[in-house]
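Subject: A structure for you to look at

Hi,

Here is the structure I promised to pass on. Please open it beside this email, and then read on for what turned up in it.

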Amino acid sequence: MVKVFKYLTGILDKKEKNLLKILTVFSLISPAISIFNFSVLLFIVNSVVENQKVSREIIVITFLTAAISVFRGFFDWYNSRIRNRFIYDGSQKLSERMCELLLKEDLLQHNQKSSMQAVAMVRSDAQSCINIMLISINTWVNMLTMAGYFAVMIYTSRLLGLVSCLVFMLLMGGVFFYYRRLMQDYGEKSRECSIKTSAQVTIAYGNFKEIKIADTASAVLYKYHNASEEYAQIQKQFQYKKSTTNMIMQNFVMAAMFILLGWFLHNPAGNSKIFFTSIVVYFTLMTRMIPMAYGIVGGLNDIKFSQKPYEILREGINRYSQIKESERKAEGVRQKVLTFEKGLFVKNLNFSYDGRKKIFEDASIDIPAGYTVAVIGISGIGKTTFLDLVLGLLTPQSGKILYDDYDIVSHMDEEGECRADIGDITNYIPQTVHLNGETVRNNVVFFEKGDNIDEAKVIECLKCAQVWEDVRQMPDGIHTLIGENGTAISGGQRQRIALARALYKDFELLVMDEATAALDMETEKAVIDAIRQVKKNRTMLMVTHHMSLANECDIVYKIENRKFVRVR
């Protein structure tokens, strides 16, 4: 627990660290007041029993203790505010880091996760790790509070108190060590099943038409039932084990208490009033310590339950730190403003995934500035991989990828080491595009910051993408909501709005990965012609399986035997 807590607090920013320190101190004050109040109560009871009268000092102490209790109420209220601030602000900032990681990590790392795993990492894992810190603080506070009550018990009950404290500690330790491995397994399975359940909902929503047409709702429901039932079973088992822990400690301790009470009643010793006063004190202490004991064991088990989210977040934070360190180092490197006067040139390219079969071997290709270049080839031969390489999403084992004189592989130009952003001069349209549920206008300006939107330019781009007439006839024109991922419009309209989005940004090189595949041939040709007219002297690099479209290009390459062969 200490190691986990130390790591998590280490990744907080300064503001959250200070907030956590305040929260820790405040968490100690309330139980300290509780122990003080109980000690005062014990003192008052003993004084009255021994002296057989109530002195003025006792009355004053009683009212002072009452005032302290009122102060504790206001203090607990403020502590609750601090706690909420830390929970939600801390979760939000950790979540932002994980989201930034998802946006900045390399393509191979990105492809290792499903969308639901990404959501879990950004949202629930961040929340779980903030909860770990709070649970750790509560557990330590309970330990310190219990130690205080142990001291009072040993002081008042002597040997009986010492024996009771030792039994208490052994019982807590035994229960925790018995369940800790089980709780960690439950945590891992719970996270996995939660992701599976959410994935089934996404599948059901995303494939709505196919499910309706094929009447396969029962099959989807069956898969959802299996995933959600497994998740429910794990949650039930976890909560059952937690409640069992409480029952074991509470009932065993209560049974031991009454056995001791029976023994003392059968063998009374000394002054009966003092005897019963001691018994009452002893039992009161025991009943106060039972919830704390459960809180300690339950807290330790909750931390074990959250072990997997912690491991996922830690691995993510480590990668995030590496990315930020690389960015800091890059700040000291010369910044280059990219040009695209000559074009894009790939020289002696070699690439394979994780040392497996080579995709490209000593491959070269030229994309001269101002030309339209098509790359064709059979499915699975490496067309999309080639685009990922020239866009800097993948790193080849060797070779050069030159934007004029800047090599994105070695990060060097004719003057030496430098850094540059190819996004300044390139734009990319994938085959599968994502649209949000907002308006046509907001989907065209999807990557723009702020509200300074040129609506005339939006309309121009929609016209260029051959979709303006469709949009104009929509109920609210460019302000029409299109549904989540464009469910309210056709597939062809979705693809053309994505083209309009790409055209809204200025570029020198437009890269398209089967970006017009959803369009009919006539519309596809019209779109390409429109792009040429609007973006004169711009360069286009496209992957296509339509030979008729490839024949419209200035240059055509075919991928054969891990090389590029010019066919026209």
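In which strand is Leu541 found? Leu541 lies in strand β10, residues 539-543. Before going further, please note that this is a predicted model, where local features need pLDDT of at least 70, side-chain atom pairs count only at pLDDT 80 or more, and totals for chains, interfaces and linings use all residues. Residues are numbered from 1 along each chain as its sequence is written, and side-chain values use heavy atoms, with hydrogens and water left out.

The whole chain

The chain has 16 helices and 12 strands. These are DSSP runs numbered from the N terminus: helices are H or I with at least four residues, and strands are E with at least two. Of the 568 residues in the chain, 44% are buried (buried means under 20% relative accessible area, exposed over 50%, partly exposed in between, with a 1.4 Å probe and protein chains only). Among contacts with a separation of 6 or more, 76% come from residues 24 or more positions apart (contact means heavy atoms within 4.5 Å).

Leaving aside neighbours within four places in sequence, the contacts of Leu541 include Leu344, Ile367, Val373, Phe386 and Val511. Leu541 and Leu344 are 197 residues apart along the chain, and their C-alpha atoms are separated by 9.8 Å.

Why does Phe507 count as buried? The reason is its relative accessible area of 3%.

Asn350 sits in strand β1, residues 343-352. Asn350 counts as buried because its relative accessibility is 13%. Its side chain reaches the backbone oxygen of Asn348 at 3.3 Å. That is a polar contact (a pair of N or O atoms within 3.5 Å; within protein, one must be able to donate a hydrogen and the other to accept it, and residues adjacent in sequence count only if both atoms are side-chain atoms). Not counting residues up to four places away in sequence, Asn350 also touches several others, including Lys358, Phe360, Asp362 and Pro396.

Two helix pairs

Helix α1 (residues 2-10) packs against helix α9 (residues 307-330) at an angle of about 40 degrees, with the axes 12 Å apart. Axes here are lines fitted to C-alpha atoms, for helices over the stretch in contact, and angles run from 0 to 180 degrees between N-to-C directions. So α1 is oblique to α9 (under 35 degrees is roughly parallel, over 145 roughly antiparallel, 65 to 115 roughly perpendicular and the rest oblique). In α1, Lys3, Val4, Tyr7 and Leu8 meet Tyr310, Leu313, Arg314, Ile317 and Asn318 of α9.

Helix α3 (residues 56-104) also packs with α9, at an angle of about 65 degrees and with the axes 9 Å apart. The two helices α3 and α9 are therefore roughly perpendicular. Among the α3 residues that meet α9 are Leu94, Arg97 and Met98, and residues on the α9 side include Leu313, Ile317 and Tyr320.

Enjoy exploring it!

Best wishes
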